[in-house]
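Hi,

Here's the structure I promised to pass on.

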Amino acid sequence: MKTKNILTNKWVVCIVIIALLCFCAYDIDWSSLAYFSWGSLKGTLISLLQPEWSFFYNGSGEDVFSLMVMTIGIAFLGTFIGTILSLPFVLLASRNLWKHNTIIPRIGKFILDVLRSFPELVYAIIFIKVVGPGPFAGVLAIGIHQIGMLGKLFTEEMESMDEAPVEACHAVGANGIQTMFFARIPQLLPIYASLTLNHFEIGVRSASTLGLVGAGGIGATLIFAIQGRRWNRVSIILLCIIVTVFLLDLLTGYIRKKLR
Amino acid sequence: MKIKDTVHFQWYKSLFVVFIIGVCFLGSAYVTDASLSEVFGNLDQMIAFLEKLSHPDFSYIPTLLSPMLKTLKMSMLGTFIGMLLAVPFAFLATTIATQNAIVTNIIRLFLNIIRTIPNLLLAAVLVAVIGIGEATGIITIAIFTFGMVAQLIYESIETIDLAPLEAAESVGANKLQIAVWSIWPQIMNSVASYFFYAFEINVRASTVLGYVGAGGIGVTLSASLGLFRYDRVSIIILSIFIIVLIVDALSEAIRRRLA
């Protein structure tokens with residue numbers, strides 16, 4: 001009896017999924033695939049396999065190496081700003097810091113939600129209006145976005161932390177600031193550092209895309225190379241991004257393992 | 001633990017970390033020409049911009065419905081295709097299923113490389129290779145989902161209970177049978193939960209994919225920005241925000257039921 005029930009359930013789920021997929025696929029515009037030809041894809045792939053190595057470093061400041069350094073700089077500064085600025089919001093949004101007040105943490109969480117839900121690209125466009133096109137707009141965009149992202153994660157860690165040391169501090173007569181410094185921060189610092197490193201890596205990834213709207217970094221050069229169909233150049237840029245992110249992944253992974 | 005091992009007596013280590021961070025900070029500030037005065041000097045610009053944004057053109061909502069729905073459909077299809085691709089690769093990426101360290105490491109390296117490519121750049125390249133349109137967006141989302149979900153699935157395969165595997169092996173099941181009858185039932189729920197998680201991330205991501213021509217609401221966004229119609233921009237941003245909130249809440253509710 002029970003097996004039969006599960007089986008009918010399975011069929012219902014399958015039918016629902018297929019119906020949903022048909023509904024989704026029904027009025028999507030597939031016309032771009034009509035012009036697709038394997039020949040041109042082959043040509044593209046062949047030139048992608050021959051990176052233009054001379055573009056890696058030619059001393060002009062517009063080469064892949066210096067742009068990648070700039071991209072990492074944008075991500076670092078953005079994450080730095082984001083981490084520092086997210087801390088006040090964390091204090092506002094953590095439920096366990098506001099024992100007798102449920103409204104303030106909710107407001108704090110709502111602010112973080114709002115900051116997080118706008119795409120970085122939109123922030124970049126806003127900040128380009130403010131400080132002009134350039135890497136600094138990218139820094140601010142990543143910084144503001146990281147406030148939301150890190151703020152949420154930091155708040156979750158703060159809320160799930162072990163409260164025993166805090167209680168111990170209270171028992172010997174420590175005030176709020178003292179419990180903060182002697183019970184909460186020692187416990188949370190390694191976790192926060194680890195999360196920040198992880199988001200630095202994510203920041204590098206998004207910094208490399210912000211150039212698409214003119215906010216500095218390697219993205220602008222990439223989009224020009226793509227529009228000019230200079231696949232050799234596209235190839236070296238993509239290669240550089242992939243290798244950089246991969247190495248940063250290894251480095252931050254190593255540091256995070258040490259922090260545990 | 002001796003007293004000199006405690007935090008207070010390792011100040012030189014902390015100082016070193018602070019020094020490194022400081023050097024990186026100054027270095028990146030130099031590279032990116034950061035200047036705080038510029039921010040505060042041009043705050044009136046920002047206020048003017050935000051003021052323009054603060055008059056959303058609500059009459060534009062009916063026009064927005066169709067691209068918004070398209071964005072959701074694109075992410076749905078892309079997530080589904082990506083999941084279909086991710087499951088077999090996730091099985092290949094664990095030694096539990098393959099019993100072969102070489103295959104596992106090659107597949108993992110491949111997945112790592114796929115994951116490092118930023119979403120928007122992938123879309124930009126694919127738009128140039130395949131063409132402008134929603135299909136390109138779907139392919140981008142599928143590739144992105146593939147990289148992300150395959151890793152999540154193989155990580156959850158690594159934590160399964162090994163007893164059913166042994167039982168299946170002892171009655172003579174081959175690797176495929178073990179994968180289907182011993183591993184899959186154990187991870188089915190988490191795979192379904194990852195589907196919604198990936199869908200949530202993809203909805204967020206696909207709202208900007210249109211910026212490079214990969215279909216969806218991003219096309220409308222970039223068009224409105226290009227025309228300096230900030231009243232429309234603000235209603236688009238607002239609707240993205242609402243959709244993301246709804247999808248977040250839905251997927252969280254479903255994932256909580258699946259867990």
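Going from the N terminus, the elements of chain A read α-α-α-α-α-α-α-α-α-α. That's 10 helices and 0 strands. Do keep in mind that this is a predicted model.

On overall shape, chain A has a radius of gyration of 24 Å, whereas a compact globule of 260 residues would have one near 18 Å. The C-alpha trace of chain A spans about 75 × 70 × 40 Å along its principal axes. As for burial, 39% of the 260 residues of chain A count as buried. If you take the contacts in chain A between residues at least 6 apart in sequence, 70% of them join residues at least 24 apart.

Now the contact between the chains. Chain A puts in 48 residues and chain B puts in 48 residues. On the chain A side, the elements giving two or more residues include α1 (2-26), α3 (64-93), α8 (176-210) and α10 (231-259). That side of chain A has 35 nonpolar, 10 polar and 3 charged residues.

One helix pair to zoom in on: α10(A) and α6 (residues 101-116) of chain B. Their axes come within 9 Å and cross at roughly 110°, which makes α10(A) roughly perpendicular to α6(B). The crossing of α10(A) past α6(B) is right-handed. Which residues of the two helices meet there? From α10(A) they are Ile242(A), Val245(A) and Phe246(A), and from α6(B) they are Asn112(B), Ile113(B) and Thr116(B). By class, the residues of this contact of α10(A) with α6(B) come out as 4 nonpolar, 2 polar and no charged.

Cheers

Definitions and conventions: Residues numbered from 1 in each chain as written. Chains lettered and ligands numbered in written order. Predicted model: local features only at pLDDT ≥ 70, side-chain atom pairs only at ≥ 80, totals over all residues. Contact = placed C-beta atoms within 7 Å. Helix = DSSP H or I, 4+ residues; strand = E, 2+ residues; numbered from the N terminus. Nonpolar A, V, L, I, M, F, W, Y, C, P; charged D, E, K, R; others polar. Rg over C-alpha atoms; globule rule 2.2 N^0.38 Å. Buried ≥ 20, exposed ≤ 12 C-beta atoms within 10 Å, placed from the backbone. Axes fitted to C-alpha atoms, helices over the stretch in contact; angles between N-to-C directions. Parallel < 35°, antiparallel > 145°, perpendicular 65-115°, else oblique. Left-handed = near helix turned anticlockwise from the far one by under 90°.
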